[in-house]
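Colleague: Please show me the model, and then take my questions about it.

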Amino acid sequence: MKLSEKLKIATQNAHKEIEKSHYFKRLLSTDLTVEEYVHILCLWKSFLTPIEASWQKHAESNLIFSTINQRGKTYRLKLDIDNLGKFYHLTNSSGAGKKLLANDFDVQNPLSLISSLYVIEGSTMGAMHIVKQLMKFDFCLENTTHFYTHYAEATVAMWQACKMELDHWGDENPNLHDQVCDGAVHCFQSLGNHFNG
Ligand code: HEM
């Protein structure tokens, strides 16, 4: 079985747990507030910052994941947070002063690149559903939804490219599949802890 298929099976329960968690349910609610939306973006930003830094490190030395340089999301989060702060005169919209837990996902583990790529890039599939609901709110405009719209019409193609790269790596490292799957479950759980903390 291909690595991406194993990852999907291994993380099915972890994915269900995330979908049921407070902030992800709020994202799909009909009464999301602008303050909640900004808080969710801040939580994402603080979760993704160390992960993206580790992707960057790998990108410099690893030719297999050639699309990794296009996958950064924190600059998009910053744009949305800054714009919402300006338009709605929100204090602390940068997340400063809010109690944000540090990310407990172990980016030092050399396999964290593979596990986190699967989890974070897969989340763009869910984002396609979430953004349809977000667009109903007047605070979700073109310049406040850079994160959730990210690859736009290229989303499915970017996800397919990601899975191909993961599978290519997986074919060359068949003995590491279980560790990568455990890492992906850990990544989902760390995200859950980060958002629930
Ligand atoms: C309200 C929240 C969410 C909803 C409604 C949702 C929904 C979905 C849906 C419908 C798919 C399948 C898309 C398809 O195959 O056409 C999917 C895939 C996926 N989602 Fe989510 N998602 C949510 C949150 C997340 C989060 C927060 C993460 C991780 C950070 C995540 C990670 C993934 C992954 C890795 C896949 C790919 C599964 C695979 O095919 O291997 N999702 N999601």
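The questions below go from confidence to fold to ligand.

Colleague: What does the protein average in pLDDT?

Modeller: This is a predicted model, in which local features need pLDDT of at least 70 and side-chain atom pairs count only at pLDDT 80 or more, while totals for chains, interfaces and linings use all residues. Residues are numbered from 1 along each chain as its sequence is written. The pLDDT is the predictor's confidence in each residue, from 0 to 100. In the protein, 93% of the residues score at least 70, and the average is 91.

Colleague: How many helices and strands does the secondary structure come to?

Modeller: Helices (H or I, at least four residues) and strands (E, at least two) are DSSP runs, numbered from the N terminus. From that end the elements run α-α-α-α-α-α-α-α-α. The count is 9 helices and 0 strands.

Colleague: Which helix gives the largest share of the shell around the ligand?

Modeller: There are 17 residues around the ligand, and Lys 8, Gly 122, Ser 123, Met 125 and Gly 126 come nearest; a residue counts as near if its C-beta atom, placed from the backbone, lies within 6 Å. At least two shell residues each come from α2 (12-20), α3 (22-27) and α6 (112-134). The largest share, 9 residues, belongs to α6.
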